[in-house]
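This report describes how side chains are packed in one protein chain. It treats the helices, the nonpolar cores and the aromatic residues in turn.

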Amino acid sequence: MIVIERSDPKEPQATALLQASHALMQSLFPPEDNSFLSIEDLCAPNVYFHTARRGDKVLGTGALAVKPGYGEIKSMFVDPSARGQGVADALLRALQDLAFEQGLSALKLETGNSLQAALRLYARHGFTTCGPFGDYTANDSSIFMTKTL
């Protein structure tokens, strides 16, 4: 059974997954196109960081950053050994439920154009492409998506 819970990004297993995610993004995209949040930034009061666990093992991470008028999905990452087991779906559903509970009317996200599994995940959950939002600017690597709640 996959358990989704609010967590501390500084917890060692969560930190290890976040570092793996950051390393992957740095290997795939130019530095100026990387917009992941640092572990410190994931501790901000407007960020709800969650992990997916099976037993004592952290399998994935995801966060909801509450912005004026919308929520932004951040730090979605699943351990490669746990992919294809519904972890990302469970995390994204939990973050969407949280956004709804927070009274947000929309979710937005930025992801990389070469992250095909992520793009399929977001499309499966009703996200559609949109233009840059917030502080983002258009670039060759980013895909921006939105979903009305």
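A residue is called buried when its relative accessible area is under 20%, and exposed when that area is over 50%. The model discussed here is predicted.

**Helices and their buried sides**

By this criterion, the buried residues of helix H3 are Ala118, Leu119, Leu121 and Tyr122. They lie on the same side of H3, because they cover an arc of only 160 degrees around the axis. The face turned away from that buried side carries the exposed residues Ala117, Arg120 and Arg124. Among the elements that cover the buried residues of H3 are S4, H2, S5 and strand S7 (142-148). Gly126, which follows H3, has a positive phi near 90 degrees.

Helix H1 (residues 12-28) has 17 residues and spans 24 Å from its first C-alpha to its last, close to the 24 Å expected at 1.5 Å a residue. Its buried residues are Ala14, Thr15, Leu17, Leu18, Ser21, His22 and Met25. These cover an arc of only 165 degrees around the axis, and therefore lie on the same side of H1. Pro12 and Ser27 are exposed on the other side of H1. The cover over the buried residues of H1 includes S2, S3 and S4.

|---|---|---|
| H3 | Ala118, Leu119, Leu121, Tyr122 | Ala117, Arg120, Arg124 |
| H1 | Ala14, Thr15, Leu17, Leu18, Ser21, His22, Met25 | Pro12, Ser27 |

**Nonpolar cores**

The largest nonpolar core has 26 residues, of which Leu64, Ile73, Met76, Val87, Leu92, Tyr122 and Phe127 touch the most other members. Two or more residues each are given to this core by strands S2 (47-54), S3 (57-67), S4 (70-78) and S5 (106-112), and by helices H2 (87-101) and H3 (116-124). H2 supplies the largest share, six residues. Leaving aside residues up to four places away in sequence, Leu92 touches Ile73, Met76, Leu121, Tyr122, His125 and Phe127. A second, separate core of nine residues includes Leu18, Ile39, Val47 and Ala63.

**Aromatic residues**

The structure holds five aromatic pairs. One of them joins Phe133 and Tyr136 in an edge-to-face arrangement, with 4.9 Å centre to centre and 65 degrees between the planes. Phe133 and Tyr136 are both buried. Together with Tyr70 and Phe144, these two residues form one aromatic cluster. Lys108 lies over the face of Tyr70, at 5.1 Å from the ring centre.

Key
Residues are numbered from 1 along each chain as its sequence is written. This is a predicted model: local features need pLDDT of at least 70, side-chain atom pairs count only at pLDDT 80 or more; totals for chains, interfaces and linings use all residues. Side-chain values use heavy atoms; hydrogens and water are left out. A nonpolar core is a set of buried Ala, Val, Leu, Ile, Met, Phe, Trp, Tyr and Cys residues joined through side-chain atoms within 4.5 Å. Buried means under 20% relative accessible area, exposed over 50%, partly exposed in between (1.4 Å probe, protein chains only). Helices (H or I, at least four residues) and strands (E, at least two) are DSSP runs, numbered from the N terminus. Contact means heavy atoms within 4.5 Å. The arc is that of the directions from the helix axis to the C-beta atoms. Rings of Phe, Tyr and Trp (its six-membered ring) pair if their centres lie within 6.5 Å; planes under 30 degrees apart count as stacked, over 60 as edge-to-face and the rest as tilted. A charge sits over a ring if NZ of Lys or CZ of Arg is within 6 Å of the ring centre and within 35 degrees of the ring normal. The expected span of a helix is 1.5 Å times one less than its number of residues.
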